[in-house]
Amino acid sequence: MIKITLPDGSVREYAKGTSSLQIAQSISEGLARNVLAAKVNGATWDATRGIEQDATLQLLTWNDTLGKETMWHSSAHLMAEALEAIYPGIKFWVGPPLENGFYYDVDLNGQTLAHADFEKIEAKMMELARQNNIYIRKEISKADAISYFGDKGDEYKLHLLERLEDGNITLYSQGNFTDLCRGPHIPNTGFIKAAKILNTAGAYWKGDEKNKMLTRVYGITFPKEKDLKEYLTLLEEAKKRDHRKLGKELELFTFSEKVGMGLPLWLPKGAMLRERLIQFMQKAQTAAGYLPVATPHIAQKELYVCSGHYEKYGKDSFQPIKTPQEGEEFFLKPMNCPHHCEIYKSSPKSYKDLPVRYAEFGTVYRYEQHGELHGLTRVRGFTQDDAHLFVRPDQVKEEFCKVIDLVLHVFNALDFKEYTAQISLRDPENKSKYIGSDENWALAEQAIIESAAEKGLKTVVELGEAAFYGPKLDFMVKDALGRKWQLGTIQVDYNLPERFELEYTGSDNQKHRPVMIHRAPFGSLERFIAVLIEHCGGNFPLWLAPDQFAILPISEKYNNYAQNVLNLLGSFGIRGFVDERNEKIGKKIRDNEIKKVPFMLVVGEKEELENKVAVRAHGKGDIGTYTIHDFATYINELIESDFKQKQNQE
RNA sequence: GCCGGAGUAGCUCAGCUGGUAGAGCAGCUGAUUUGUAAUCAGCUGGUCGGGGGUUCGAGUCCCUUCUUCGGCUCCA
C-alpha cells in the first residue's frame, strides 16, 4: 500500500500502482470526469499513470493552469493526427500549449493550408475526439525512436532526438498518431468537446531566419461547446477595442501611404490627448526634480560614431542625410541619449550637482523592419518621454526607487492594474560581452532587485536579457488581443558615460565617472496611447477625454443659448463643443454616444428659460438637470476626486 | 526581410463561373424646427492600391510592385 497526501492534508491509502484517475474515482465520479492531469510530488503527470510510492497528489482540472496546458498539449497532438489524415506526407516539428490554446509547427511538404480548410480540420479533430482514444505513454530506447521516426521520414523529430538522452525518451500515442513527447497528457481524446483552428502563420524552424519556414497552425479547444462560444465572443470584444479601429473611429490618428508607413499622423483630438499626457508627465517630473532640455532631430554622424550606435545600427537604419558640403553627413536621431550626454558635458560637474536629471519629449526615428510595423505600437517615428539621470554610483538605488515611483504614479493615474515588471540581468556565464566593471554591475543589479522588491513589484528576472551596456527594468502590459508590449523602461548605462568621457569632481577632488540611467515611464507616447485606448476601450478618463461634453440643442432655435453655455463652461476650464447640426435630438445623442463623449447637455426651451442644462452621462442616460455652474463644479469635482483617490492609493 | 491572407466611394461592405461598378453610413442641397441611441427627399463621390500582361472585352485570370492584416525574425 502507498500513502497519498491530498491538498487538504488528508492522507489515504491505495494499492501500489493506483493511478491519479482511480484515486479521483474513489473520491467521486464527478471529480474523475473532470481530471485532466495530476501533480504527483510536484511533477505534472498523466492522470492514468500509476503511482508506485507514497506521494502528495493534486488533481488538475480545467480550472488549473496546468490542467488547461495539458488539455491543449493533448489537443496539439489531436490536431496533428487530423492534419496527418488530411495532408499525407506532412512532417512535424513541435506543438506546445500556449497561454490561450496551442500550435503545431508543420512542414506541409509543398501542400497549402488555407482558411477554407480550417473547418475540415476542426471536423476531423472532433471526429477523432469522439472516438475517446486514450493517450498511451511508452518509454522507448533512443535507437528504437530513431528507427521509428526515420522510417516515417520525420526528419525534424530526428533532430529533436539528437539532443535527448537514451533512457529518458517517451512516446505518446492516441488513435493513429504517435509523437515524441515528454507528456503529460489527458486520459483520452473524449475530454475535448470543441475545437477551433484560429489561424496559421509562417515560423522559421528553430526560430532562425536562415532556416526553412514551417507553417504554424494555431488552435484552441475546450471541454464544453459553450466555453468555445464564450471565447469567440471574447475575441470579438477584444477586436472592438483594437486601438487601430478606435483610433480611426474617434479621429485620433491616421496613416498615409504618401507620408510613409509607420509614420503616424496625429489628428486634432489625438494631438490634444498627447498634449494632455505630456503636461501630466511634465508636472510629475518637475516635482521630482527633472530639468527640461530640448535637442534637434538630426545630428552629425560623429555623434553616433562616438556613442557606438553608428557601428551597431548604421547600416540597418535610416541612411545619412547629405549636404552640399562634401563628406558632411547627418543622421535622424534614433535616440536622445547622446544629445543629453553632450548637454551634461557643457559644464563641469561637482559631486554636489548630482544627480542631474535631463528630461525631453524627444521624437526619434528608427527604421523598423517592414513586417513588424503595427498600429501605434510599433512605428518608425515616435516620441519618447525620455530623461537621463546622471548619478554617482552610490545614488543608483535611490534614483531607481524614485523612477519606479514615477512609473507607478502614471499607471495609477491611468488605472493600469495589470502589468508585470521584468528585471533583465546579465548572463552570468558570459560576462565578457558586457561593458562596465564587475563591481558596478553587481551594484546596479542589486539596486534594481532591491528597489523593485521595496516597491512591491511583481517581477520576473531574466538572466542574459540585459543590454550590453547595463541591466534594466521593463514594465509590460497586454493589448486587447493579449499581445504583450513593453511600456515604461528604466535602464542603467555604463557605456555612454565611458564613450562620452563624462565626469564629475568628487569630494576627493579627483575625476569620477557618473552612472547614467535612461528612463521613459510611458515608453513612447505612441505605444502608450495605443495601450491606453485598448485599456479603456476608448472611454478615456475624464481629465484626458478630447471632449468632456457635447451640448445638444433640441433645435436650431437654441443654438445661441448653447453657444452661451459653451462659453460659460469654458471659463470653468472644461472643454466641449456644440452639436449644431440640423438633426433631431435622438440622432445627436446616438452620434455622440458612439463618439464616447462623457457628457451630453441637452438644451431646449425649458433649459433656456431656467438657465440650465439637462445632463446625460455616456452609457448611463439622463442624470438630471443642472445649472451651468453646478455642472461645471460637478465635472471639476469628478476630475479632482479621481486624482485624489489615485494619490491615496499610492 | 520571411510565410500566409487582404486591398472596390471618406467609413463599413456587396459584386456568381471575365461582358466595361452597387448599398448603407458620412458629405452636399432642400424640406422639417424636432425632448434622450438613426426625420424625409434629392444630389455629389470610385482610372476597383500602382504598373505590366492574357483577352474582342479584366474589379474578376496571370506577373510585378506598394500598402495592410495574422504570425516569424528583429526591437537602441
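**RNA strand B and the protein around it**

Hi everyone, let's start with the RNA: among the atoms of RNA strand B within 4 Å of the protein, 49% belong to sugar or phosphate, and the rest belong to bases. Please keep in mind that this is a predicted model, where local features need pLDDT of at least 70, side-chain atom pairs count only at pLDDT 80 or more, and totals for chains, interfaces and linings use all residues. Residues are numbered from 1 along each chain as its sequence is written, chains are lettered from A and ligands numbered from 1 in the order in which they are written, and side-chain values use heavy atoms, with hydrogens and water left out.

Which residues come nearest to RNA strand B? Of the 48 around it (a heavy atom within 4 Å), they are Y204, E372, N582, R590 and E607. By type, this surface has 21 charged, 15 nonpolar and 12 polar residues; here Asp, Glu, Lys and Arg count as charged, Ala, Val, Leu, Ile, Met, Phe, Trp, Tyr, Cys and Pro as nonpolar, and the others, Gly among them, as polar.

Now some individual atom pairs. The side chain of N199 has an N or O atom 2.7 Å from a sugar or linking oxygen of RNA strand B. For E556, a polar side-chain atom lies 3.1 Å from a base oxygen, while K557 has a side-chain N or O atom 3.5 Å from a phosphate oxygen.

Conventions
Polar contact = N/O pair within 3.5 Å; in protein donor to acceptor, adjacent residues only side chain to side chain.
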